[in-house]
Amino acid sequence: MFQVGMSRPLTIAAVFLVTLAGCATPSQPALKTTAKVATNSQIQNWLELQREVSAMSIEEVDQRLAELGEPKGPQQLFYFGLLNQQLDAFTKWTQARDIFRQLDEDTSLDEEQRSLAAILERYNQSRINWYLQRSQLLKNNATLQAELGASREENTLLEQKLKAITDLETSISTRMEK
């Protein structure tokens with residue numbers, strides 16, 4: 001065959017070592033890459049769920065919530081939180097916020113999932129704060145409207161009294177002239 005200066009046993013040993021080197025376990029960076037790909041697919045799954053839920057009608061969200069029942073595990077909790085977040089109700093936003101807070105504190109989830117949960121928790125807390133501020137402003141407005149109505153009534157009564165006094169003065173003045 002070929003004789004390049006290596007003996008047959010040495011050639012076989014070299015081929016064996018090269019083959020063995022190719023079968024060796026991957027180095028640590030390769031494992032990190034594999035873990036990152038798995039993590040990336042998990043966060044992509046959550047983001048896809050978020051896109052699906054945001055495209056749902058209110059009726060469809062209500063139907064899915066009824067079908068879901070009590071959520072079990074991070075995936076169902078995340079979905080449950082997304083569904084509640086979609087509804088226009090203060091109590092649903094607080095429920096979604098609490099679920100996302102729970103997911104943010106779940107150490108079994110990867111960092112990206114926890115970060116997404118934290119962002120959604122802050123989003124729902126912002127909606128809650130907005131709702132509470134709006135409610136307070138509406139109450140203040142109602143109070144001010146009531147005070148304005150009372151002031152107008154008082155003003156009308158004062159105008160009537162002033163007119164009565166003016167009429168009385170005119171009447172007295174007319175009698176004195178006669």
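Helix 4 passes helix 5 in a left-handed crossing; the near helix is turned anticlockwise from the far one by less than a right angle. The model is predicted, local features need pLDDT of at least 70, side-chain atom pairs count only at pLDDT 80 or more, and totals for chains, interfaces and linings use all residues. Residues are numbered from 1 along each chain as its sequence is written, and side-chain values use heavy atoms, with hydrogens and water left out.

Two packed helices are described by the angle between their axes and the distance between the axes. The axes of helix 4 and helix 5 come within 8 Å and cross at roughly 150°. Axes are lines fitted to C-alpha atoms, for helices over the stretch in contact, with angles from 0 to 180 degrees between N-to-C directions. Helix 4 is therefore roughly antiparallel to helix 5 (over 145 degrees). On the helix 4 side, the residues in contact (heavy atoms within 4.5 Å) are Pro74, Leu77, Phe78, Phe80, Gly81, Leu82, Asn84 and Gln85. Helix 5 contributes Lys92, Trp93, Gln95, Ala96, Ile99, Phe100, Gln102 and Leu103. By class, this contact has 10 nonpolar, 5 polar and 1 charged residues. Ala, Val, Leu, Ile, Met, Phe, Trp, Tyr, Cys and Pro count as nonpolar, Asp, Glu, Lys and Arg as charged, and the others, Gly among them, as polar.

The largest nonpolar core has 23 residues. Such a core is a set of buried Ala, Val, Leu, Ile, Met, Phe, Trp, Tyr and Cys residues joined through side-chain atoms within 4.5 Å. Phe78, Tyr79, Leu82, Leu83, Phe100 and Leu103 have the most contacts inside it. At least two residues each come from helix 2 (28-54), helix 3 (58-68), helix 4 (73-86), helix 5 (90-104) and helix 6 (111-177). Helix 4 gives the most, with 6 residues. Leaving aside neighbours within four places in sequence, Leu103 touches Trp46, Pro74, Leu77, Phe78, Leu109, Arg114 and Ala117.

Overall, the protein has 6 helices and 0 strands. Helices (H or I, at least four residues) and strands (E, at least two) are DSSP runs, numbered from the N terminus. Buried residues (under 20% relative accessible area, 1.4 Å probe, protein chains only) make up 21% of the 178 residues. Among contacts between residues at least 6 apart in sequence, 57% join residues at least 24 apart.

Leu132 lies in helix 6. Leu132 counts as partly exposed because its relative accessibility is 44%, between the 20% limit for buried and the 50% limit for exposed. Leu132 and Phe90 are 42 residues apart in sequence and 8.9 Å apart in space, C-alpha to C-alpha.

Conventions. Parallel < 35°, antiparallel > 145°, perpendicular 65-115°, else oblique.
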